[in-house]
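Thanks for coming. Please put the sequence and the structure up, and I will go through some places in them.

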Amino acid sequence: MHVLSVSSLKGGVGKTTVTLGLASAAFARGIRTLVVDLDPQSDVSTGMDLQIAGRLNIADVLANPKEKTVRQAITSSGWTKVHPGTIDVLIGSPSAINFDGPHPSVRDVWKLEEALAAVEADYDLVLIDCAPSLNALTRTAWAASDRVMVVTEPGLFSVAAADRALRAIEEIRRGLSPRLQPLGIVVNRVRPQSIEHQFRIKELRDMFGPLVLTPQLPERTSLQQAQGAAKPLHVWPGESAQELAGDFDLLLDRIIRTGRVPVPEDARS
């Protein structure tokens, strides 16, 4: 089971929409996928059309990461009404903020790792939508992860946040989890005609070289529309949605190669 955190240390760069785009790509490819909604805003849970009545959630799991609790906090996405497949969500909750202190104990940091170990046989890919900070929730996610995808946008403050994120990943790799590596930086909400955006993308490439992933994701309303309708991007109508779906397919290819994620024979591109 390959575990990928989708992170940004700056809010408002579209981290959750990138998580949803990757989840849609994995679902279209037939990969057994679990999405962990670790952001207290819980937007991933909303965007994946969940029935959460009577279910536990991520806050319950962080309080007690035993298998019974974990399984009661996972539910199938409503996306499976579109076509069959395994696309489940570990339900988010605003109460997760109670577990986001600045100085987590070593025991607390490993709770998500313990929880995911209980369902390891059920999934090939786990996507964690992280909180937009470097407090306990993000550290907990990274400790449970093999790779981190850093989401940024082509702006001055976001470039600085990407640099902070990569330094923090290295710090956690050295001090806590030797297997942790950055997958790379995804530049989101790009306007190709913007001179400022082109300048910032060049700045990112000069700073981080091959860690800047391609393709960059253009600014499109189709992803927000699909998210608002709680539908996967890959079934959303329109040319711009399908172009963006193709970009997410390419990013997923990178995840599959890096993590040796098994893909069903009939879904290989």
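Helix H10 gives three residues to the lining of the largest cavity, the largest share. A cavity, on a 1 Å grid over the protein atoms alone, is a set of points where a 1.4 Å probe fits but cannot get out, and lining residues have an atom within 4 Å of a point. Helices are DSSP runs of H or I with at least four residues, strands are runs of E with at least two, and both are numbered from the N terminus.

Before I go on: this is a predicted model, in which local features need pLDDT of at least 70 and side-chain atom pairs count only at pLDDT 80 or more, while totals for chains, interfaces and linings use all residues. Residues are numbered from 1 along each chain as its sequence is written, and side-chain values use heavy atoms, with hydrogens and water left out.

Back to the cavity. The structure holds one cavity of 30 Å³ or more, and about 40 Å³ of space lies in the largest cavity. A volume here is the space filled by probe spheres set on the grid points, which are joined across faces, edges and corners. The lining is made of Leu20, Gly21, Trp79, Leu223, Ala226, Gln227, Lys231, Pro232 and Leu233. H1 and H10 are the elements that give two or more residues to that lining. By class it has six nonpolar, two polar and one charged residues. In this scheme Ala, Val, Leu, Ile, Met, Phe, Trp, Tyr, Cys and Pro count as nonpolar, Asp, Glu, Lys and Arg as charged, and the others, Gly among them, as polar.

Trp79, one of the lining residues, also has a ring partner. How many aromatic pairs does a search of the whole structure find? It finds one. The rings of Phe27 and Trp79 have their centres 6.3 Å apart and their planes at 35°, so the pair is tilted. The cut-offs are these: rings of Phe, Tyr and Trp (its six-membered ring) pair if their centres lie within 6.5 Å, and planes under 30 degrees apart count as stacked, over 60 as edge-to-face and the rest as tilted. Phe27 is in helix H1 (15-28) and Trp79 in the loop between strand E3 (74-76) and strand E4 (87-90), so the pair ties together parts 52 residues apart in sequence. Phe27 counts as buried because its relative accessibility is 3%, and Trp79 is buried at 2%. Buried means under 20% relative accessible area, exposed over 50%, and partly exposed in between (1.4 Å probe, protein chains only).

Next, the largest pocket, with a volume of about 210 Å³. Of the 15 residues that line it, Gly12, Val13, Gly14, Lys15 and Thr16 are the closest to its centre. Helix H1 and H10 are the elements that give two or more residues to this lining, and H1 has the largest share, three residues. A pocket is an open set of points with protein on both sides within 12 Å along at least five of seven lines. The classes in the pocket lining are two nonpolar, eight polar and five charged residues.

Now the backbone. Most residues other than glycine have a negative phi, and most peptide bonds are trans. The peptide bond from Thr214 to Pro215 is cis, with omega near 0°, and Pro215 sits in the loop between H9 and H10. Asp49, not a glycine, has a positive phi of about 60°; its loop runs between helix H2 (43-47) and helix H3 (58-63). Ala230 is not a glycine either, and has a positive phi of about 55°. Ala230 is in the loop between H10 and helix H11 (239-259) and counts as buried because its relative accessibility is 11%.

Two residues for contacts, meaning heavy atoms within 4.5 Å. Glu219 is in the loop between helix H9 (195-208) and helix H10 (221-228). Leaving aside neighbours within four places in sequence, Glu219 is in contact with Arg189, Val190 and Arg191. The C-alpha atoms of Glu219 and Val190 are separated by 5.3 Å, at 29 residues apart along the chain. Thr258, in helix H11, is in contact with Arg147 and Leu183, again leaving aside its neighbours within four places in sequence. Thr258 counts as partly exposed because its relative accessibility is 26%.

Last, helix H7 (residues 136-143): seven of its eight residues are buried.
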